[in-house]
Amino acid sequence: MNWWQTDETHDPSRKSWVESAERHRDFPIQNLPLGLFSPPGEPARIGVAIGDMILDLRACAERGLLDGIVAAACQEETVNRLLALPSVSRRHLRRRVSALLSDPAERKAMEGLLFPAAQCSLHVPARIGDYTDFYVGIHHATNIGRQFRPDNPLLPNYKYVPIGYHGRASSIRSSGVPVRRPVGQRKPPDAEAPLFGPTTRLDHELELGVWIGPGNELGAPIPIGQAAEHVAGFCLLNDWSARDFQAWEYQPLGPFLAKSFHSTISPWIVTAEAMAPFRLAQPPRPGGDPQPLPYLLDEADQAHGALGLTLEAFLLTERMTKEGAAPFRLSTGSTAAMYWTVHQIVAHHASNGCNLSPGDLLGTGTISAPTREGVGSMIELTAGGKEPIVLPNGETRSFLEDGDEIILRATASAPGFVSIGFGECRAKLRPAL
Ligand code: MN
């Protein structure tokens with residue numbers, strides 16, 4: 001079966017006996033994302049989100065409800081071994097869990113294996129060996145380029161090379177973990193020498209995260225036509241950024257301390273299989289743009305390699321929380337703004353023989369729409385801080401302030417299918433030490 005094809009698990013008429021799954025905005029039975037959770041007072045184990053509940057996959061394996069290598073992988077302390085399995089095994093697990101959660105005859109045996117999600121803690125699901133951040137949002141690249149280099153926003157390599165840099169895996173945290181405002185070097189434009197202190201230009205970046213499944217051997221590139229086999233699933237990623245540090249430190253080697261202090265991910269891995277109904281053709285490149293070089297060009301990838309995802313970012317200030325206000329939507333955009341597909345960034349990453357491993361995380365880079373309503377960072381929303389946004393209660397923001405909370409959401413939808421969501425990627429800012 002091809003990676004863009006659907007099966008009975010995507011059937012819109014399929015229903016779960018878990019009542020809260022019915023019309024759940026994120027986790028209907030058509031989603032079944034993988035994660036790592038702890039029931040109250042208990043150690044972490046692998047689970048699947050279904051409605052407002054979490055199914056304990058370790059317990060399922062222990063009771064003989066799963067078999068073979070899948071059962072063994074579901075009893076591990078992280079999802080790394082599960083991600084290392086080929087897509088055929090992941091699909092097997094998905095079909096089995098979908099059958100267990102939809103067949104009313106299984107309900108009695110299964111109910112003790114479900115926990116209310118609201119009572120559980122969710123963790124970063126994998127040991128992330130390496131994290132790489134790309135820059136595939138072409139409107140973001142143009143907007144940022146214009147602020148850093150007004151005369152030359154998009155560098156000449158952009159339409160040939162999927163630009164990326166090696167990020168920091170150790171500081172990736174799950175949704176809900178507060179973010180400490182970082183301290184570092186910044187050089188105000190009129191100052192002669194840099195200062196060392198808390199960032200005054202703290203920003204969010206709305207990105208899609210890509211979980212690597214089976215890896216490749218060192219020295220063995222991943223051909224573009226096989227890249228899908230190496231993508232296990234997706235999450236949301238907030239690549240927090242200190243723009244003042246970034247502007248001062250980024251030349252000539254790229255981002256460093258402006259990014260490495262903390263990144264937040266949504267804890268559920270929405271599998272590549274769950275995304276099968278939401279595959280789209282990669283939008284055609286504007287006239288005059290070069291074709292991708294052959295090692296990045298694949299017919300199936302061009303026909304099915306894009307994703308039908310709507311992305312949203314919300315801001316909730318401390319005052320809004322006190323006033324009982326709902327989070328304010330900063331932006332809404334779509335993954336159609338990705339100049340390169342996920343498979344192209346995977347093939348490019350491994351094209352020099354670099355080995356990817358199960359549980360590695362790739363970020364797409366900030367995804368911004370061509371218009372102001374759809375830009376995925378404050379530096380774009382406020383034109384570099386020059387045009388502050390005004391919130392409904394009168395508060396203004398050029399960049400983020402202590403106590404602010406950023407919430408990212410993603411929804412996949414397609415005609416004839418049940419929409420699925422990614423759950424929340426949220427974190428609140430704490431003052432600098
Ligand atoms: Mn980024």
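**Entry 1: the largest cavity**

I started with helix α4 (residues 87–102), which gives the most to the lining of the largest cavity, with 4 residues. A reminder to myself: this is a predicted model. In the structure I find 4 cavities of 30 Å³ or more.

**Entry 2: the manganese ion**

Which residues are the protein donors of the manganese ion? I looked them up and found Asp133 (OD), Glu205 (OE), Glu207 (OE) and Asp239 (OD), lying 2.1 to 2.2 Å from the ion. Glu205 has a relative accessible area of 3% and Glu207 has 0%; buried means under 20%, so I put Glu205 and Glu207 down as buried.

**Entry 3: salt bridges**

The count I have is 28 salt bridges.

- Asp26 and Arg409 meet through their side chains at 2.6 Å, N to O. This pair links distant parts of the chain, 383 residues apart: Asp26 sits in the segment before β1 (34–38) and Arg409 in strand β25 (residues 405–412). I find Asp26 buried at 7% relative accessibility, and Arg409 is buried with a relative accessible area of 9%.
- Asp402 bridges to Arg181, with the closest N and O atoms 2.7 Å apart. Asp402 lies in the loop between β24 (396–397) and β25, and Arg181 in the loop between β9 (179–180) and β10 (183–186), so I see the pair tying together parts that are 221 residues apart in sequence. Asp402 is partly exposed at 33%, whereas Arg181 is buried at 9%.
- Lys428 and Glu318 meet at 3.8 Å, N to O. Here strand β27 (residues 425–430) holds Lys428 and helix α9 (residues 318–322) holds Glu318, 110 residues apart. Lys428 is partly exposed at 32%, and Glu318 is partly exposed at 38%.

I also traced a network of salt bridges that links Asp26, Glu405, Arg409, Glu424 and Arg426.

**Entry 4: a covered helix and a surface patch**

Is helix α10 (residues 342–350) mostly covered or mostly open? Mostly covered, I find: 9 of its 9 residues are buried, including His343, His348 and His349.

On the surface I noted a nonpolar patch formed by Tyr160, Leu293 and Tyr295, with about 280 Å² of accessible area together. I placed Leu293 in the loop between β18 (279–280) and α8 (299–304), and Leu293 counts as partly exposed at 42% relative accessibility.

Definitions and conventions. Residues numbered from 1 in each chain as written. Predicted model: local features only at pLDDT ≥ 70, side-chain atom pairs only at ≥ 80, totals over all residues. Heavy atoms only, no water. Donors = N, O, S within 2.8 Å, 3.2 Å for Na, K, Ca; no water. Buried < 20%, exposed > 50% of the residue type's maximum accessible area, 1.4 Å probe, protein only. Patch = residues over 30% accessible without salt bridge, like charges linked within 9 Å, V, L, I, M, F, W, Y side chains within 5 Å. Areas by Shrake-Rupley, 256 points an atom, 1.4 Å probe, with all protein chains shown as cover. Salt bridge = Lys/Arg side-chain N within 4 Å of Asp/Glu carboxyl O. Helix = DSSP H or I, 4+ residues; strand = E, 2+ residues; numbered from the N terminus. 1 Å grid on protein atoms, 1.4 Å probe; cavity = no way out; pocket = protein on both sides within 12 Å on 5 of 7 lines; lining within 4 Å. Points joined across faces, edges and corners; volume = space filled by probe spheres on them.
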